[in-house]
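Hello,

Here is the structure we spoke about. Please look through it first; my notes follow below.

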Amino acid sequence: MISISVMALVFGVVFLAELPDKTALAGLVLGTRYRASYVFVGVAAAFVVHVVLAVAAGSVLTLLPQQLLHALTGVLFLGGAAMLLLKGGEDDEEVREPKGQSFWKVSGAGFMLILVAEFGDLTQIMTANLAARYDDPLSVGLGAVLALWAVAGLGIVGGKALMKRVPLSLITKIAALLMTALGVWSLYEAIA
């Protein structure tokens, strides 16, 4: 049986923790470049995997080697920033499906980005701890998945709305700068 109070509590905690995190930025970046529905499917699937792992593992995830996860995340963000800058010379204001970017390629890219970047993230550890505390895996899992989907959706839709007011080249440069900062910060955390 699902506990609405546990689900609501988990939703609120995870939503607020994830809102300023890299998920919204990743969704915004992907949402400006690709079809939103394709991006959301991949991102949503990755979050289901994360929540299932967190709920199943309970508090064991806190024992994962954080330095390795931070280093991998840092490299991924720096690579993403480089890709944005290399492809960012287009002044095309219209968001269209890029050539060769099928549903599976775009969804797969969103899935892999979130799967790697969010592994061992604060919200995944928080979800594991909440699952251990409340011993209600279904309610905790549903609350966490819905919160993560909401943040991803806001990022993706925000990217589309932003495109109507700000040139794509400027969004790309700002996103690359933010991804570079996140990459450097993650590598610093891996070393420190």
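The face of H5 turned away from its buried side carries Trp104 and Lys105, which are exposed (over 50% relative accessible area; buried is under 20%, partly exposed in between, with a 1.4 Å probe and protein chains only). This is a predicted model, in which local features need pLDDT of at least 70 and side-chain atom pairs count only at pLDDT 80 or more, while totals for chains, interfaces and linings use all residues. Residues are numbered from 1 along each chain as its sequence is written, and side-chain values use heavy atoms, without hydrogens and water.

Helices are DSSP runs (H or I, at least four residues), numbered from the N terminus. The buried residues of H5 are Val106, Ser107, Gly110, Leu113, Ile114 and Ala117. Seen down the helix axis, they fall within an arc of 130° (taken from the directions from the axis to the C-beta atoms), so they line one face of H5.

**Core**

**Aromatic pairs**

The whole structure holds five aromatic pairs (Phe, Tyr or six-membered Trp rings with centres within 6.5 Å; stacked under 30 degrees, edge-to-face over 60, the rest tilted). The rings of Phe40 and Trp149 have centres 6.3 Å apart and planes at 70°, so this pair is edge-to-face. Trp185 and Tyr188 form a tilted pair, at 5.4 Å and 35°.

Regards

How values were computed. Helices (H or I, at least four residues) and strands (E, at least two) are DSSP runs, numbered from the N terminus.
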